[in-house]
Amino acid sequence: MTSAPEGIPGTDQGVAAEQLADKLGIEITRWDADRLVGTMPVKGNRQPYGLLHGGASAVLAETLGSIAAAMHAAPERLAVGLELSCTHHRGVTDGLVTGVCTPIHRGRSTATYEIAVSDEQGRRVCTARLTCFLKDAPKG
C-alpha cells in the first residue's frame, strides 16, 4: 500500500485495495514530518478535455495533507479532514505531477498544510490548503 504508512492509528490496512489514492496511482516518495512528497500520473486521471482532472489534484493534496496530519497526531489522536481548498493554475496533459506537503500550523486540535502540485517541468499546477481536525484516538 502506498497511501498510508503502517502503524498510524486509525488506518485499516485491510482496505488498501479500496483506497482512492491507490486507484489514482498516488505513490508517496518521501515520508517526513516536515515534508511529505507524492506523485500521481496524469494518464487515467484526466477530465473530458484531456487535462488532469482538478478533483484528482484535490485527492493528491488531501492524501498528502491527511497523512502528514495523521503522523503529527499519532498516537494519541486521529486526523480527519475539515477543509480543503484548491486553486488550479495550469492544465497538464501527460506525465506525472508531484505534490509537496509542508506544515503551516500543527496544533493539538487542528493541523493545516499547504500542498503545492507541480508538473514535470516544475511549474505549479495547483496550490491546496488542507486543515484537519485532530480527535482523540479510541481507547484500546
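**Strands, core and cysteines**

Strand β5, spanning residues 110–118, is mostly covered, with seven of its nine residues buried (buried means under 20% relative accessible area, exposed over 50% and partly exposed in between, with a 1.4 Å probe and protein chains only). Strands here are DSSP runs of E with at least two residues, helices are runs of H or I with at least four, and both are numbered from the N terminus. The model is predicted, so local features need pLDDT of at least 70 and side-chain atom pairs count only at pLDDT 80 or more, while totals for chains, interfaces and linings use all residues. Residues are numbered from 1 along each chain as its sequence is written, and side-chain values use heavy atoms, with hydrogens and water left out.

Strand β4 (residues 96–106) pairs with β5 in the antiparallel sense over eight bridges; two strands are taken to pair if DSSP finds at least two bridges between them. Within this pairing, I115 of β5 is the bridge partner of C101. The two strands form a hairpin, with three residues between β4 and β5. Strand β6 (residues 124–136) also pairs with β5 in the antiparallel sense, over nine bridges, and here C132 of β6 is the bridge partner of A111. The hairpin of β5 and β6 has five residues between the strands, and G122 takes a positive phi near 80 degrees in it.

I115 turns up again in the largest nonpolar core, which has 30 residues; I26, M40, L52, V97 and I115 are those with the most contacts inside it. Such a core is a set of buried Ala, Val, Leu, Ile, Met, Phe, Trp, Tyr and Cys residues joined through side-chain atoms within 4.5 Å. At least two residues of this core come from each of β2 (36–41), α2 (54–73), β4, β5 and β6, and α2 gives the largest share, nine residues. Leaving aside neighbours within four places in sequence, M40 is in contact (heavy atoms within 4.5 Å) with residues including I26, L52, A56, L60 and V97.

What of the cysteines? A disulfide is counted when a pair of cysteine sulfur atoms lies within 2.5 Å, and by this rule the count comes to zero. The sulfur of C86 has its closest cysteine sulfur in C126, at 4.5 Å, which is too far for a bond. C86 counts as partly exposed because its relative accessibility is 28%, whereas C126 is buried, with a relative accessible area of 0%.
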